[in-house]
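This report describes the geometry of a protein assembly for a reader concerned with its coordinates. The sequence and structure come first, and the description follows.

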Number of protein chains: 2
Amino acid sequence: MKKQKKSIVTIGGGTGSFVVLSGLKNYEIDLNAVIAMTDSGGSTGKLRDQLGVLPPGDLRQALVALSEASDVWRKLFTYRFEAGDLEGHNFGNIFLSAIEKITESNQEAIDRAAEILQTSGRVIPITFDKCTLCAEYEDGSVIEGESNIDENDTLGVSIKRLFLKPSASINLEAKRVIERADAMVFGPGDLYTSLVPNLIVSGVGEIIHYVKAKKILVVNLMAKIGQTENFKVSDFINEVERYLGEGALNYVIVNSKNPSKDLVERYKDIDKANLIEDDVGGTYSRAKIIRADILSDDAYEKSSSDKVRRSLIRHDPDKLAKVIYKLVK
Amino acid sequence: MKKQKKSIVTIGGGTGSFVVLSGLKNYEIDLNAVIAMTDSGGSTGKLRDQLGVLPPGDLRQALVALSEASDVWRKLFTYRFEAGDLEGHNFGNIFLSAIEKITESNQEAIDRAAEILQTSGRVIPITFDKCTLCAEYEDGSVIEGESNIDENDTLGVSIKRLFLKPSASINLEAKRVIERADAMVFGPGDLYTSLVPNLIVSGVGEIIHYVKAKKILVVNLMAKIGQTENFKVSDFINEVERYLGEGALNYVIVNSKNPSKDLVERYKDIDKANLIEDDVGGTYSRAKIIRADILSDDAYEKSSSDKVRRSLIRHDPDKLAKVIYKLVK
């Protein structure tokens with residue numbers, strides 16, 4: 001009997017999902033990217049508000065990551081108009097908005113786009129309900145809107161809890177792939193604006209808790225001011241298990257290779273951001289800690305056509321995928 | 001030896017070209033659509049001015065006419081956004097603008113779009129030079145801009161001459177396909193805002209005059225106020241031969257079937273437009289007059305997504321293509 005392909009579900013959004021999907025797409029697996037639906041900034045936010053479409057930005061990034069289509073498509077999907085009525089709008093976002101308008105259902109629209117982009121994997125929104133991400137901080141203040149939370153770089157203030165306004169229900173297709181997954185990969189990417197916005201959709205935490213899939217957390221490399229300032233590896237695990245249940249994670253992947261001191265200094269100067277400190281042993285909670293060199297050797301990737309500034313210190317998609325695949329196969 | 005496919009070049013733009021291409025694409029021919037580059041209205045005009053791209057509207061219509069791709073693509077290419085920053089912009093126009101921005105040459109951009117749309121034929125701009133269509137009227141007045149000329153519905157004023165400002169040179173690829181054509185089809189469509197804008201590009205009249213291709217004029221069904229008011233078949237032939245040289249046309253296709261009286265009356269009421277009167281015999285100038293039922297039986301086609309109002313009295317793509325193919329094969 002032919003061995004069935006393993007099914008992996010990634011949970012996230014934005015650049016982090018882009019990295020993990022770019023690597024995993026090269027393996028013989030059944031790959032499903034579950035994507036947060038709370039992006040509210042720039043072109044994405046405008047299209048969402050003006051046209052009533054799903055926020056296209058994170059969907060677009062996941063589709064491009066999984067695309068096996070010609071270079072033209074990948075260039076088109078990351079092209080941003082520079083003048084006139086379309087200024088600041090990304091072509092991929094416009095494309096997704098148009099296809100959503102002409103198709104019957106939102107998932108059909110995404111699947112059609114995936115077909116055109118010849119993706120090796122599916123992209124599935126965590127929810128189809130329109131909602132706003134809100135963050136309540138330790139000082140009692142509340143910020144509404146993912147992009148506003150993202151842009152908040154007040155030092156020394158940490159997020160107490162995140163919630164959706166109004167609350168949102170899980171997309172049944174996302175539920176289906178999660179229930180059938182052999183493994184789930186959480187992160188990398190912004191903890192509070194890419195990963196957790198999936199986990200606070202009604203029902204998601206419970207479903208993930210009871211499914212048998214191996215649950216793998218990829219810990220970020222760098223802290224993010226206003227969100228994960230001073231976070232260590234243990235903080236990431238604790239935060240994620242707040243939503244999934246204590247002891248839910250089976251594996252936690254931590255980078256073991258040090259970036260150059262110069263680069264680390266540059267981060268401190270520009271972003272006031274530190275490396276995430278590895279403060280755990282061989283296990284933490286119930287998770288086994290997997291340490292490996294998953295650091296990208298490319299020091300810099302320019303990206304004028306995309307709103308997301310690429311980190312100078314970032315994961316290598318292939319190295320990361322190799323570690324994940326080894327845990328799953 | 002395998003018989004080589006006949007090469008047909010259509011010259012025009014807009015809805016007229018859409019009709020003739022939709023029919024001809026079903027034949028085993030080498031089909032090339034040469035398209036005017038003077039459209040200046042609506043979404044097309046804005047994108048042209050704001051982004052410095054080729055006016056996409058007529059290119060888009062020709063590409064859709066020739067497309068064999070799935071219905072999704074055809075729907076996408078005719079979809080027009082209804083709100084926000086993108087309001088009034090057609091997705092196909094945006095697509096062509098984006099692809100032009102990311103490719104090296106304009107023709108490559110169009111060919112890439114054609115590949116994606118799986119067209120059975122090529123779409124070739126008559127010129128890559130940016131220019132404005134100007135009309136000088138019998139009363140000495142001048143109107144600049146194709147859309148302004150199009151919208152001028154002053155009764156009893158006729159166009160004395162058309163010119164481009166600044167003058168434009170023929171695209172070498174257009175020259176190449178014209179020189180190799182077995183047949184050329186002029187029209188149908190707006191004489192002064194779709195057909196003649198091709199013929200006044202520098203060099204075009206002379207090249208068409210000396211090539212051996214069979215030259216076929218498809219005469220319009222209805223007159224257009226402000227342009228071809230009171231025109232008869234002989235006027236169309238005379239006007240086209242002004243640019244191509246007297247006696248240049250080999251065949252002139254004239255519809256022989258009368259539309260219903262009701263429809264004709266509706267045109268008179270709404271558009272103050274008459275049927276083009278057939279005032280010629282078996283030949284005119286040096287052209288043989290071909291009369292056939294090429295009238296569409298569909299009385300009405302709604303088109304909210306496109307700026308071009310579909311005529312109620314119009315050519316049937318298949319009937320028209322059959323007559324043309326018979327003259328060429």
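At what angle do the axes of H5(B) and helix H6 of chain B cross, and within what distance do they come? The axes of H5(B) and H6(B) (residues 106-116) cross at roughly 130° and come within 8 Å. Here axes are lines fitted to C-alpha atoms, for helices over the stretch in contact, and angles run from 0 to 180 degrees between N-to-C directions. Helices (H or I, at least four residues) and strands (E, at least two) are DSSP runs, numbered from the N terminus.

The model is predicted: local features need pLDDT of at least 70, side-chain atom pairs count only at pLDDT 80 or more, and totals for chains, interfaces and linings use all residues. Residues are numbered from 1 along each chain as its sequence is written, chains are lettered from A and ligands numbered from 1 in the order in which they are written, and side-chain values use heavy atoms, with hydrogens and water left out.

**Helix packing in chain B**

H5(B) and H6(B) are therefore oblique to each other, given that angles under 35 degrees count as roughly parallel, over 145 as roughly antiparallel, 65 to 115 as roughly perpendicular and the rest as oblique. Their crossing is right-handed; a crossing is left-handed if the near helix is turned anticlockwise from the far one by less than a right angle, and right-handed if clockwise. On the H5(B) side, Phe95(B), Leu96(B), Ile99(B) and Glu100(B) meet Asn106(B), Ala109(B), Arg112(B), Ala113(B) and Ile116(B) of H6(B), where contact means heavy atoms within 4.5 Å.

A second pair is formed by helix H1 (residues 14-24) and helix H13 (residues 317-328) of chain B, which pack at an angle of about 70° with their axes 7 Å apart. H1(B) and H13(B) are therefore roughly perpendicular to each other, and their crossing is right-handed. H1(B) contributes Val19(B), Val20(B), Ser22(B), Gly23(B) and Leu24(B) to this contact, and H13(B) contributes Pro317(B), Asp318(B), Leu320(B), Ala321(B) and Ile324(B).

Helix H2 (residues 42-51) of chain B has Ser43(B), Thr44(B), Gly45(B), Leu47(B), Arg48(B) and Leu51(B) as its buried residues. Buried means under 20% relative accessible area, exposed over 50%, and partly exposed in between (1.4 Å probe, protein chains only). These buried residues pack against helix H3 (56-66) and helix H5 (91-102) of chain B. Gly52(B), with a positive phi near 70°, follows H2(B).

**Two residues of chain A**

Ser97(A) lies in helix H5 of chain A and is buried, with a relative accessible area of 0%. Its side chain reaches the backbone oxygen of Asn93(A) at 2.8 Å, a polar contact being a pair of N or O atoms within 3.5 Å; within protein, one must be able to donate a hydrogen and the other to accept it, and residues adjacent in sequence count only if both atoms are side-chain atoms. Leaving aside neighbours within four places in sequence, Ser97(A) is in contact with Leu47(A), Leu51(A), Val53(A), Pro56(A) and Phe81(B).

Thr103(A) is in the loop between helix H5 (91-102) and helix H6 (106-116) of chain A, and is buried at a relative accessible area of 12%. A polar atom of the Thr103(A) side chain lies 2.6 Å from the backbone oxygen of Ile99(A). Not counting residues up to four places away in sequence, Thr103(A) touches Glu108(A), Ala109(A) and Arg112(A).

**Backbone features in loops**

| Residue or bond | Angle | Location |
|---|---|---|
| Lys165(A) to Pro166(A), cis | omega near -10° | Pro166(A): loop between S6 (159-165) and H8 (172-180) of chain A |
| Gly187(B) to Pro188(B), cis | omega near 0° | Pro188(B): loop between S7 (183-186) and H9 (191-199) of chain B |

Asn230(B) is exposed, with a relative accessible area of 56%, whereas Ser285(B) is partly exposed at 37%.

**Relation of the two chains**

Chain B is superposed on chain A by a rotation of 180° with 0.0 Å of shift along its axis (RMSD 0.0 Å). That is the relation of a two-fold axis. Copies are superposed by least squares on the C-alpha atoms of residues with pLDDT of at least 70 in both. In chain B, the C-alpha of Asp85(B) is the nearest to the axis, 2.9 Å from it. The same surface serves both copies, as 100% of the contact residues of chain B recur in chain A.
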